[in-house]
Amino acid sequence: MHIVVHQQNRAGRSALRQDTLLPWIGAVLALAPGGTMGVAGSSVDLAFAVVASLALVAALCLTGGRASFTGLSGWIVIAVAFGLGYLALASAMTPFPPGGVHPLWAPTGTGAAVLDLEAALSGLLALGGLAASFCLFAILGARTERTRQAAVSLQWLLLGLDLSLFFAAFAGIKPIPGLPSILAGLGLLLAAGASAQTWKAERPRGWLGRLRASPGSSAAATIFALILALDGGVGALAAAGFSLAAFTVWEILAKGGEGKLRRGPLLLVLGLIGLAMAAIALSILAMASAPAGSAQAISNTVHWKAVLASPWLGYGPYSSELVARLSMDRLTFHALQAVPLPSSAYLAALEQGGVLVTAPMAVALGAVVWSIIDASVRRRRLTTFYRVAVAATGFYLLYGVVSSAPLTLAAVAPLLFLLGCGFGAARSSR
């Protein structure tokens with residue numbers, strides 16, 4: 001009897017260590033692309049894909065990892081939508097793409113919709129790595145304690161990375177444009193979620209009491225807000241502000257009612273509030289966009305014309321700069337040299353993947369977010385975490401109107417970590 005109890009205690013300590021350590025490892029993996037500072041492109045994306053795929057294989061080789069993965073439901077819509085987008089991107093690399101081949105390939109006698117086959121193959125492999133990382137993060141989130149620790153790990157590692165990126169600019173190391181802002185917005189929502197969780201548990205009185213109850217998260221939120229204001233400008237502040245407001249309203253609506261709220265009425269109210277906030281936010285973001293006649297406005301016009309010329313499959317991953325070089329003329333030369341990339345993540349996504357790739361990926365993202373929203377209504381645990389994950393997705397979607405940063409791996413991977421853990425927690429049978 002003594003041996004059995006001892007073995008059970010040892011197994012419990014081992015599980016506790018795993019629940020503490022694994023979220024930190026997952027958060028490090030998610031933030032590793034951002035740690036490359038100014039380096040961006042296919043090499044970093046491919047390295048991330050290799051590491052994520054090997055980590056997923058290692059997780060599935062373990063009994064606990066396989067049990068967690070097979071215990072998750074709700075994969076069908078996500079897998080089908082992602083598979084359709086993946087096949088569409090693969091078809092763009094063949095001589096028989098929908099919409100026809102690009103005239104650039106005419107002298108060779110072959111053809112493809114993409115401009116650079118090597119870059120497109122790198123993008124295809126990187127996209128597979130993102131799928132592998134999402135599955136890995138879903139396995140990580142299949143246990144409640146690991147999901148709670150994941151939010152804490154991501155918040156503090158984000159704070160360290162974002163401060164490093166911000167101060168690196170003063171040392172002459174230029175990070176990916178917009179990356180400090182988008183990571184700061186994500187960190188601000190995580191800090192707000194941590195504070196809200198503490199306030200619900202301790203019920204402090206007054207704002208001073210709230211600050212005393214969660215000094216660490218309050219300080220982190222202040223730092224993230226300062227980075228947003230100094231680096232991101234009006235667009236980043238508007239996107240983060242409206243996402244934070246949506247999270248706050250959701251918390252107030254659900255106060256004291258976790259697991260008891262009727263799904264239909266709550267989702268209807270949330271939908272109406274979300275639409276109103278999105279409309280206001282988009283109008284503010286539109287006013288914050290590049291003024292007419294500026295280099296950025298000219299660049300956006302050139303890229304939009306390129307999208308209209310090849311709307312179905314675009315020009316392939318990492319093709320925006322190449323499209324800019326091919327589109328240069330006497331009137332646009334200086335503007336495209338100064339600003340070769342589009343200022344919107346949506347414009348960049350359509351230019352690189354077209355409708356046939358972008359639309360299925362949007363459906364897959366919507367299925368993940370819907371699973372998390374549904375779990376926030378059905379379940380009593382992790383409700384604040386679910387709301388933070390949905391609000392963070394809203395922040396990325398809004399910020400993508402005025403920045404292409406949400407499309408970079410360094411920005412996508414942390415959000416994928418959050419959504420993966422949220423999906424794992426929402427769909428786990430445990």
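Visitor: Is Glu145 buried, partly exposed or exposed?
Guide: Glu145 counts as partly exposed, because its relative accessibility is 44%. Buried means under 20% relative accessible area, exposed means over 50%, and partly exposed lies in between (1.4 Å probe, protein chains only). Please note that this is a predicted model, in which local features need pLDDT of at least 70, side-chain atom pairs count only at pLDDT 80 or more, and totals for chains, interfaces and linings use all residues. Residues are numbered from 1 along each chain as its sequence is written, and side-chain values use heavy atoms, with hydrogens and water left out.

Visitor: Which residue does the side chain of Glu145 meet in a salt bridge?
Guide: The partner of Glu145 is Arg148, at 2.8 Å from N to O. A salt bridge is a side-chain nitrogen of Lys or Arg within 4 Å of a carboxyl oxygen of Asp or Glu. Arg148 is also partly exposed, at 37% relative accessibility.

Visitor: Where do Glu145 and Arg148 lie?
Guide: Both lie in helix H6 (residues 144-168), three residues apart, which is about one turn of the helix. Helices here are DSSP runs (H or I, at least four residues), numbered from the N terminus. An α-helix has 3.6 residues a turn, so residues three or four places apart point the same way.

Visitor: How many salt bridges does the structure hold?
Guide: The structure holds three. Another one joins Arg378 and Asp374, whose closest N and O atoms are 2.7 Å apart. These two residues are four places apart in helix H14 (residues 345-378), so about one helical turn separates them. Arg378 is partly exposed, with a relative accessible area of 37%, whereas Asp374 is buried at 9%.

Visitor: And what do Glu251 and Arg387 do?
Guide: Their side chains meet in a salt bridge, with 2.5 Å from N to O. Glu251 belongs to helix H9 (residues 215-253) and Arg387 to helix H15 (residues 383-399), so the pair ties together parts that are 136 residues apart in sequence. Glu251 counts as buried at 12% relative accessibility, and Arg387 counts as buried at 1%.

Visitor: Let us change topic. Which residues are buried in H2?
Guide: They are Val44, Asp45, Phe48, Ala49, Ala52, Leu56 and Ala59. These residues lie on the same side of H2, because they cover an arc of only 135° around the axis. The arc is that of the directions from the helix axis to the C-beta atoms.

Visitor: Then what is exposed on the other side of H2?
Guide: Ser43, Leu54 and Cys61 are exposed there.

Visitor: Which residues touch the most other members of the largest nonpolar core?
Guide: Phe417 and Leu418 do, in a core of 98 residues. Its largest share, 13 residues, comes from helix H16 (residues 409-427). A nonpolar core is a set of buried Ala, Val, Leu, Ile, Met, Phe, Trp, Tyr and Cys residues joined through side-chain atoms within 4.5 Å.
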